[in-house]
Amino acid sequence: MKSFVSFGVLIVATKGSEVNYPNGMGCLNESAKAEKYCDSSLSIEERVEALAKLLNRSELVSRLMTDHTSPAIERIGLPEFNYRIEAVHGLEAYCWKNGDESIVCPSYFPITQGVAASFNRSVFESMGIVIAEEAKLWSEVHSYGKGEKPMSLSVRCPIVNLLRDPRWGRSGEAASEDPYLSGEFGFGAVSGLQKIGAAEVKHFAAYTLETNAKYEKDGRKGFDAQVSAFDWTDSYVVAFERSIKDAGAWSYMCSYNAVNNTPSCANNKLSSLAKDDWKMNGFIESDCDAVGDLVDAYNIAANDSEASTIALTIGRTDLDCGDTFYNGLLSDDSNQVSDDDLRTAFMNAMRPLFAIGLFDPDSYSSYSDDDAVTIMSQHQEAALDAARQSVVLLKNKDNVLPLDPDVDKKIALIGPLGFVREQLVGPVTIGPCPGSVPQAQGLLRGGYKEDYSCISTINETLKPAFASPGALNITDSSEALIDQAVALAKQADVVLFALGAGLETIDESNDLHNISLPGVQNKLVQKVIQATPDLPH
């Protein structure tokens, strides 16, 4: 298989041109420059420690909450920062207007399973590079990520949890059931991303479930994964070790579930493994509201103060994607967490930002104003190359493929996935088309998850002689369109089915409960095959 050569050389502003500083760039104003933490002659550790000593308790707590943008501390020139940047297979970001009024949209690789199916380490790394370069570009033009919050260079990527069950709601976000392949994917993605930014690996550990036995959504909260010593060493820890220890990922996100009776965000064995054994030198961030779950789902804390204490001092969780730290660490009974504990967490959160240059404006090289077109063209080619390499032929009964254009002249495309757009892009996207522009920059169509109009359907791309969805949508249980699909199939030389589950049935917080095709799709396939027994399908 031809390897894709990644493009890790940055295009930078020419000498004398204005530097476009990214969101979160510190040491720019006079109040900051006068502080010791902006002295670039000192080591990163000396600078981070000096900064931490300047903050009081309430300021420290405010910087440890990531559900919202961490606020600026203006009296010392510390800028705000958004840690909540998602990038599963591309940057979850809004499009933005370039200087020539053209719309620039993020690049999306195939879903993570597809990227992993390339079995190509250079593709894994190129995905990380693309995500980092676009995070840099988006940040420099002050565009937005999820929630219309400022883009930043600390990115929640990659997800390296094992895909052990196809019913898992987040199966589209995971790489593989194989620990080795998942580890190689994680290593490559982290290596590429950290050429520019800081990677946060998700979700440590043994997280493979969304709904519980009662089919309730978010059953992951309160779920206790019982993992044997062999399975832990042989399977569940492999990809995280490869991503954190070997590739040097700065941080990880602790998962909603518990591991062997201890919630992940309160689990000292997990945090010690990463921070002490693997020498991870950044932060641990909770999945959103997972610290609060210590009260509500696991009942190991009586209130937010106890939950915050357990997470910070035992689980060594530095950042709370929620409001538990705010409620618990500033309350009257929060004295179990010292100011020194808070400073340690704050230093862990800031260390990656110093390391990637966000407090060294004099040496920062930005993209020039004309670089966006070149960069994005390269990225689109990289994503297309990954898509081509991701294609896997699982079975070719009777050598039906490749189709013979002299024999298979009339194709019938049957199935609801032949007519969808959003499903072809995958989960954790805002919308890759020009209408996905936030209100702050002139909303064109509807913004978040609204514009997929630039994505061609399979039907539009293939242009078959005959086409029928056979159902109103993926989950439709009505048989009203099946007869039409059967009639069209009878006129064809070959039938292509476009079938499967979609984001309506399988997504974060919602597992599938079986592996059958949803809605009426099973019956649709049966009736078409029965009506066309002599045709290749």
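I began with charge pairing and searched the whole structure, which is a predicted model, and the search returned 28 salt bridges. I then looked up several of these pairs one by one.

**Salt bridges within a helix.**

In helix H8 (residues 238-246) I found Lys-245 and Glu-241, four residues apart, about one turn of the helix, and joined by a salt bridge whose closest N and O atoms are 3.6 Å apart. Lys-245 is partly exposed, with a relative accessible area of 44%, and Glu-241 also counts as partly exposed, at 28% relative accessibility. I also recorded one network, in which salt bridges that share partners join Arg-170, Glu-173, Glu-210, Arg-220 and Glu-508.

I turned next to Lys-202 and Glu-86, whose side chains meet in a salt bridge at 2.9 Å, N to O. This pair links distant parts of the chain, 116 residues apart, with Lys-202 in strand E6 (residues 198-204) and Glu-86 in the loop between helix H3 (57-62) and strand E1 (96-97). Lys-202 has 2% relative accessibility and therefore counts as buried, and Glu-86, at 9%, counts as buried too.

**Helix H11.** I went through residues 304-314, which make up H11, and listed Ser-305, Ala-307, Ser-308, Thr-309, Ile-310, Ala-311 and Leu-312 as buried. Their cover includes helix H10 (293-296), helix H12 (324-329) and helix H13 (339-355). At the N-terminal end of H11 I found Asn-303 as the cap, with a side-chain oxygen 3.1 Å from the backbone nitrogen of Ser-305; after the helix comes Arg-316, whose phi is positive, near 60°.

**Ala-485.** I placed Ala-485 in helix H17 (residues 482-490) and noted that it counts as buried because its relative accessibility is 0%. Setting aside neighbours within four places in sequence, I found Ala-485 in contact with Ile-414, Ser-468, Gly-470 and Leu-524. The C-alpha atoms of Ala-485 and Ser-468 are separated by 5.3 Å, although the two residues are 17 apart along the chain.

**A nonpolar surface patch.** Last, I looked up Leu-424, Ile-458 and Leu-462, which form a nonpolar patch on the surface with about 210 Å² of accessible area together. Ile-458 lies in helix H16 (residues 458-462) and, at 32% relative accessibility, counts as partly exposed.

Technical notes:
Residues numbered from 1 in each chain as written. Predicted model: local features only at pLDDT ≥ 70, side-chain atom pairs only at ≥ 80, totals over all residues. Heavy atoms only, no water. Buried < 20%, exposed > 50% of the residue type's maximum accessible area, 1.4 Å probe, protein only. Helix = DSSP H or I, 4+ residues; strand = E, 2+ residues; numbered from the N terminus. Contact = heavy atoms within 4.5 Å. Polar contact = N/O pair within 3.5 Å; in protein donor to acceptor, adjacent residues only side chain to side chain. Patch = residues over 30% accessible without salt bridge, like charges linked within 9 Å, V, L, I, M, F, W, Y side chains within 5 Å. Areas by Shrake-Rupley, 256 points an atom, 1.4 Å probe, with all protein chains shown as cover. Salt bridge = Lys/Arg side-chain N within 4 Å of Asp/Glu carboxyl O.
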